[in-house]
Amino acid sequence: MSQSRSLGGTALNTHLWLVYAFLYVPILVLILLSFNKFGLPTAWGGVSLKWYVSLAHNSAILSAALNTLIVALAATFIACVLGTLLALGIELRRKGSDKGHVVDTLLMAPMIIPDIVLAIALLSFFNLLKVGLGLHSIIISHAVFNIAFVCAVVRTRLKHFDYSILEASIDLGASAFTTFRRVLLPAIFPGVLAGGLLSFTLSVDEFIIAFFNSGSGQASTTLPMQIYAMIRFGVTPEINALATLVMLVSITALLASQRLNKAPRTHE
Amino acid sequence: MSALHADRRLSAWLLAPGFGWLLIFLVVPCVLVLVYSFVERGAYGGIDWLFTWENYQRAFDPLYMGILLKSAKIAGLATLFAVLIGYPAAYAIARAPRRHQAVFLFLVMLPFWSNYLIRTYAWIVLLNREGLINRLLQMFGYSGDPINMLYTEASVVLGLVYNYIPFVILAIFSSLSRINNELWDASRDLGASGWMTFRRIILPLSVPGVAAGAVFVFVLSIGNFITADLLGGKQVQMVGNLIYAQFLTARDWPFGAALSFFLIAIMLILLFVQALVARRAEGGRA
Amino acid sequence: MNNSSAVLILDKVSKSYGNGLAVDEVSLNIRENEFFALLGPSGCGKTTLLRMLAGFETPSGGCIYLDGKDISPLPANKRPLNLMFQSYALFPNMTVRKNIAYGLEMERLPQSEIRRRVDEVLNTAQLAELAERKPDQLSGGQRQRVALARALVKRPRVLLLDEPLGALDKKLREKMQLELKRLQLESGITFIIVTHDQEEALVMSDRMAVLDGGKVCQCGSPTELYENPNSRFVANFIGVSNLFEGVRSGQHTVRVNGQELNVETDAPLVPGQSVAVVVRPERLQVLGEGETCANQVSGQIVEIAYHGLDTNLHVQTAFSDKPLIVRVPSSQCEFAHFAMGMHVRLGWQARHARVLTR
């Protein structure tokens, strides 16, 4: 849709910038506040890093952050392995396979089901099996939707894949396993990594499912849970610093994921 | 590809682990919830394995129906505003030169990918009685009581719009960018004005994107918990809060399960409607 | 004419897919050190045949013998044949050098040997400066050279090429046709090429087979197929033909549209047999005043197609529905002032008219 063809030029552009303002002002306010010596919107007390410093000494937050890291890494690892295998299993089938639709729907489900429903479903499940709750139950739960995301990302990559390189490898004398190891995996690796980064971000930010499935006790509190508790029950200015840092991590991971996910350029 | 394709066994081995995980940790739990919705609550908050319709009957009680309807209303308003605000924004991006579009879209999506709790908390900072907006008003001479902006339906709608508008913009943009440029020219060539062309050609062709975005916002809004909890507090109870309460405080899991199925039913109906809209509109693409 | 023995023998090879036969009892003898072409329109089964040779499809019937041994049970990675893929199929995560070395690594050769052979082939293919680049940094022509090098470095018994020149533009294609031919002669390896471009097959191959509907229509040298097509299909597929349907009226005559044509054929006479007579455009002459020929017909020029060196005249005659196509040097065209609507007389020798029973 090129410029000369449409209507309402300046008005539309102004609207767009207003939307950007709407989206970013709250975030910028938080970031600014995190550097405010007074920590509250009451007044501006000058730039200060004291909230970041106090954050570093807050043991509850630090342990929650560690838990979150453990959960995210473990869930991402499981998701990358299982999700990639799943994507390969689906895309390598000959066309017109019967089970196609079932698998597709099953994969869409974790992404669109309301997270509170998923949270209580898993809680019920763990409860019924008398499995104790803790970090492990959060990891298992996170892996569920992470698998779906990794699978989706890798599948997109496989759609543009030139499968003849696999045949070329065999033609040149390699076994199926060597082909898998030396040709297929390296070729899809950027996609797997992109999916992994995406799933890492989702795990780090995820609150509801973790909240329901962590049981009680500080030992299995994740960072979002900690943040929620702080927001609900005791707002201290440290929270702004924490918020800024968490956003930084998510955004960096997302940027890296985008970079990796660029479709391969062909030289002509 | 037959060396690797034809091997059914290989395919099965590849699919099994992931499939298995999803089966055990997704399908079974959901089926369990369905089962729970048909059993009785035990005396001390556990489960009595007796079949009953009671949970669903209770759900139809005016009190709970009211909450469900209010949730639908809030979700509906959020959807409406998200689409009204998002459409012109998506249109503006679609007009931009192609090489800039990726950047514009990225900037729209970036907030969407940051932590949901934090994004919602940011609005508390702004809207609170001691929050930024009230402070600014005082700085500019306002001397009355601090304005109550939080813990109202409006603040919840605001929070929902804020959180989901990036996706709406993306969905609508997707639709708009697929419209063939030449359709616009053809319409003008045949004598239509800019506005006419928009109303009769562009708008109808962008409907699938609008539908996709709207369904997404509605489904996520009606099932949302965090925004209602943080920005609405006790004053605004939505289905999400209700389910939360059943599972954590009231310990009435079967009832919570029944309520969850309302959410799922709504979600499935809307997805079905959206798929219909998308399929009907396929023909208009030139 | 080499009297070398057959290196690859296809014996009644067939391939069926659910609803039909993609390859129908194809039997071919392919000789040592030969450049062989499988030619045919899309869907004729030539690619399926090639893939069966490479080992990626299993024949439903028949056998494939390489140097006298049945290779049908051998999996693709154990066959001493290599395939150059239409899309080149270069490994995107490996450099040019690693791509070429890959096949040798699979043979478990010592590193020093691998390095030596790869360097050798990099030099011959003029890829030395590109050795450390990745495929997405190469042009189409460069990628093709790498794909070729990768297959040839293994010194296969037979090299299979699947539409190798399809992605190149015309000038490059012509250059590569001669390049490939030279390569085959120098390496002494048997090449089997699959193509839908008959001109390409004519230029490059020593012998070729034309396929249609999974069957071999005719197999022979380019000259044989061009001068002596054995069926309407081959006559139409290769080059341009003037084709007339008629009935045999004598050993060397065929009646077409009421007129008797003089032909030369050894086929035993079956009176009343329906046949087609084929004459190539370059064998038709425009007769001048008073000139005669064994076969003559008059008509009107309805189209003049200039091709630079030559011009094709389309002449409408009462003799046949479709205009006859006559090829004349453009200089003659100028000299004789051929123009649209002009009346001309065409003639051709009896020995240049082929009779086809199929």
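The following dialogue explains how to read selected features of a predicted model.

Me: How many helices and strands does chain A have?

Reply: Helices (H or I, at least four residues) and strands (E, at least two) are DSSP runs, numbered from the N terminus. Chain A has 11 helices and 0 strands.

Me: What percentage of chain A counts as buried?

Reply: A residue is buried if 20 or more other C-beta atoms lie within 10 Å of its own, exposed if 12 or fewer, and partly exposed in between, with C-beta atoms placed from the backbone. In chain A, 50% of the 268 residues count as buried. A:P190, which lies in helix α8 of chain A, is partly exposed because 18 other C-beta atoms are within 10 Å.

Me: Which residues touch the most other members of the largest nonpolar core?

Reply: A nonpolar core is a set of buried Ala, Val, Leu, Ile, Met, Phe, Trp, Tyr and Cys residues joined through C-beta atoms within 7 Å. The largest such core holds 266 residues, and A:I120, A:I147, B:A90, C:L160 and C:V277 touch the most other members.

Me: With which residues is A:I120 in contact, leaving aside its neighbours within four places in sequence?

Reply: Two residues are in contact if their C-beta atoms, placed from the backbone, lie within 7 Å. With those neighbours left aside, the contacts of A:I120 are A:F212 in chain A and B:V33, B:I243, B:F247, B:G256 and B:S260 in chain B.

Me: How many residues does each of chains A and B give to their contact, and which classes occur on the side of chain B?

Reply: The contact takes 68 residues from chain B and 68 residues from chain A. Helix α2 (residues 8-36) of chain B gives the most to the side of chain B, with 16 residues. For the classes, Ala, Val, Leu, Ile, Met, Phe, Trp, Tyr, Cys and Pro count as nonpolar, Asp, Glu, Lys and Arg as charged, and the others, Gly among them, as polar. The side of chain B that touches chain A divides into 54 nonpolar, 12 polar and 2 charged residues.

Me: How many residues of chain A are in contact with chain C?

Reply: Here 19 residues of chain A are in contact with 22 residues of chain C. The elements giving two or more residues to the side of chain A are α7 (164-171) and α8 (176-205) of chain A. The largest share, 6 residues, comes from α7(A). By class, this side of chain A has 9 nonpolar, 5 polar and 5 charged residues.

Me: In which sense does β9 of chain C pair with β3 and with β10?

Reply: Two strands pair if DSSP finds at least two bridges between them. Strand β3 (residues 35-39) of chain C pairs with strand β9 (residues 207-212) of chain C in the parallel sense over 4 bridges. The bridge partner of C:F36 in β9(C) is C:R207. Strand β10 (residues 215-220) of chain C pairs with β9(C) in the antiparallel sense over 5 bridges, and C:A209 stands opposite C:C219 in β10(C). These two strands, β9(C) and β10(C), form a hairpin with 2 residues between them, and C:G213 in the turn has a positive phi of about 55 degrees.

Me: Where do C:D67 and C:Y88 lie, and is each of them buried or partly exposed?

Reply: C:D67 has a positive phi of about 50 degrees although it is not a glycine, and its place is in the loop between β4 (61-66) and β5 (69-70) of chain C. C:D67 counts as partly exposed because it has 14 C-beta neighbours inside 10 Å. C:Y88, also a residue other than glycine, has a positive phi near 75 degrees and is found in the loop between β6 (81-84) and α2 (96-106) of chain C. With 24 C-beta neighbours inside 10 Å, C:Y88 therefore counts as buried.

Key:
Residues numbered from 1 in each chain as written. Chains lettered and ligands numbered in written order. Predicted model: local features only at pLDDT ≥ 70, side-chain atom pairs only at ≥ 80, totals over all residues.
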